[in-house]
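Here are my notes on this model, written as numbered points so that you can follow along on screen. Take them one at a time and find each residue as you go.

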Amino acid sequence: MQVYCDFDGTISLDDATDHVLSRLADPQWETVEALWQEGAIDSGECMRRQVAMIRGERSTLDAVLDEISIDPGFASFVQFCAARNFPITIVSDGVDYFIKRILQRHSLGHLPVVANLLITDAAARAASYKLLSPHSDEGCKATSGVCKCRSLGALGPRVYVGDGCSDFCVSDKPELVFAKGKLADFCDDRNIPFVAYQGFEDLTLSLRAALPRLLNREVLPRQHAAA
Ligand SMILES: [Mg+2]
Ligand SMILES: [Zn+2]
């Protein structure tokens with residue numbers, strides 16, 4: 001079994017990129033955000049333009065990243081998976097460096113991360129940043145910086161955990177989807193089976209209960225969270 005987890009809003013309680021931008025970027029970042037919301041630019045383009053607006057040395061950036069908290073049940077979930085040899089991969093349309101820094105602070109820096117790549121130019125008088133998207137896919141309708149459907153391995157059963165728009169393109173592929181927020185609405189509208197969750201604490205209990213059928217490759221019935 002292989003577990004895939006979104007990062008922003010799923011593992012982190014707040015969106016790491018939005019937090020960094022609100023603290024360190026030129027205020028124009030919100031104009032770029034509005035262009036994305038209007039559909040004028042895709043999420044990859046939006047992120048690349050916004051990351052270029054971040055000001056401050058790496059140490060300043062690190063201090064801002066250290067303000068971000070993660071779901072209090074995530075570390076136990078990682079232990080639950082490690083005890084059963086279920087590898088976890090983090091797939092995110094966010095920024096790899098932000099995610100790794102946050103995970104390291106919670107002693108979870110060993111988890112592999114598939115995300116956009118932050119390049120720091122520290123040689124300049126003021127540090128500047130740029131974002132590369134090595135995991136984008138022209139053919140994916142998601143038009144994001146990281147195509148999650150392409151990042152999913154073929155080896156099942158695959159469990160996916162997410163909460164938002166960046167998870168839409170992958171949501172009908174895994175054998176089991178845990179969804180909250182916009183992702184749950186999306187799956188609901190399209191009749192994509194999913195299990196609703198609030199956080200990793202209840203998710204771990206749901207996964208434990210689903211394991212026998214999942215590992216038996218039985219098709220899981222549509223489920224909703226117990227109240
Ligand atoms: Mg998310
Ligand atoms: Zn995709």
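1. Let us start with G73: which residues does G73 touch, not counting residues up to four places away in sequence? The partners are F200 and E201, where contact means heavy atoms within 4.5 Å. G73 sits in the loop between α4 (58-65) and α5. Helices here are DSSP runs of H or I with at least four residues, strands are runs of E with at least two, and both are numbered from the N terminus. With a relative accessibility of 8%, G73 counts as buried; that word means under 20% relative accessible area, with exposed over 50% and partly exposed in between (1.4 Å probe, protein chains only). From G73 to A115 there are 42 residues in sequence and 22 Å in space, C-alpha to C-alpha.

2. A word on what you are looking at: this is a predicted model, in which local features need pLDDT of at least 70, side-chain atom pairs count only at pLDDT 80 or more, and totals for chains, interfaces and linings use all residues. Residues are numbered from 1 along each chain as its sequence is written, chains are lettered from A and ligands numbered from 1 in the order in which they are written, and side-chain values use heavy atoms, with hydrogens and water left out.

3. Now find the sheet. Its 7 strands form an open sheet with mixed pairing, in the order β4-β3-β2-β1-β5-β6-β7. β4 (128-132) and β7 (195-196) are at the edges with a single partner strand each, so one side of each has no neighbour in the sheet. Two strands pair if DSSP finds at least two bridges between them.

4. Next, look at β5. Strand β5 (residues 158-162) runs parallel to β6 (residues 176-179), and 4 bridges join them; G162 stands opposite A179 in β6. With β1, the pairing of β5 is also in the parallel sense, over 4 bridges, and here Q2 stands opposite R158. How many of the residues of β5 are buried? The count is 5 of 5. In a regular strand, side chains alternate between the two faces of the sheet. Both faces of β5 are covered, with R158, Y160 and G162 buried on one side and V159 and V161 buried on the other.

5. Beyond residues up to four places away in sequence, L152 touches Y4, R158, Y160, V170, K173 and P174. L152 and V3 are 149 residues apart in sequence but 9.6 Å apart in space, C-alpha to C-alpha.

6. What holds the magnesium ion (ligand 1)? The coordinating residues are D6 (OD), D8 (O) and D163 (OD), at 2.1 to 2.2 Å. Donors are N, O and S atoms within 2.8 Å of the metal (3.2 Å for Na, K and Ca), and water is not among the atoms, so sites may look incomplete. Along the chain, the donors follow the spacing D-x1-D-x154-D. D8, in the loop between β1 and α1 (16-24), and D163, in the loop between β5 and β6, are 155 residues apart, so the pair links distant parts of the chain. D8 counts as buried at 13% relative accessibility, and D163 does at 19%.

7. Finally, some helices. α2 (residues 29-37) and α3 (residues 43-51) pack at an angle of about 175°, with axes 9 Å apart. Axes are lines fitted to C-alpha atoms, for helices over the stretch in contact, and angles run from 0 to 180 degrees between N-to-C directions. α2 and α3 are therefore roughly antiparallel (over 145 degrees; under 35 is roughly parallel, 65 to 115 roughly perpendicular and the rest oblique). W29, V32, E33, L35 and W36 in α2 meet S43, C46, R49 and Q50 in α3. Those residues divide into 5 nonpolar, 2 polar and 2 charged; Ala, Val, Leu, Ile, Met, Phe, Trp, Tyr, Cys and Pro count as nonpolar, Asp, Glu, Lys and Arg as charged, and the others, Gly among them, as polar.
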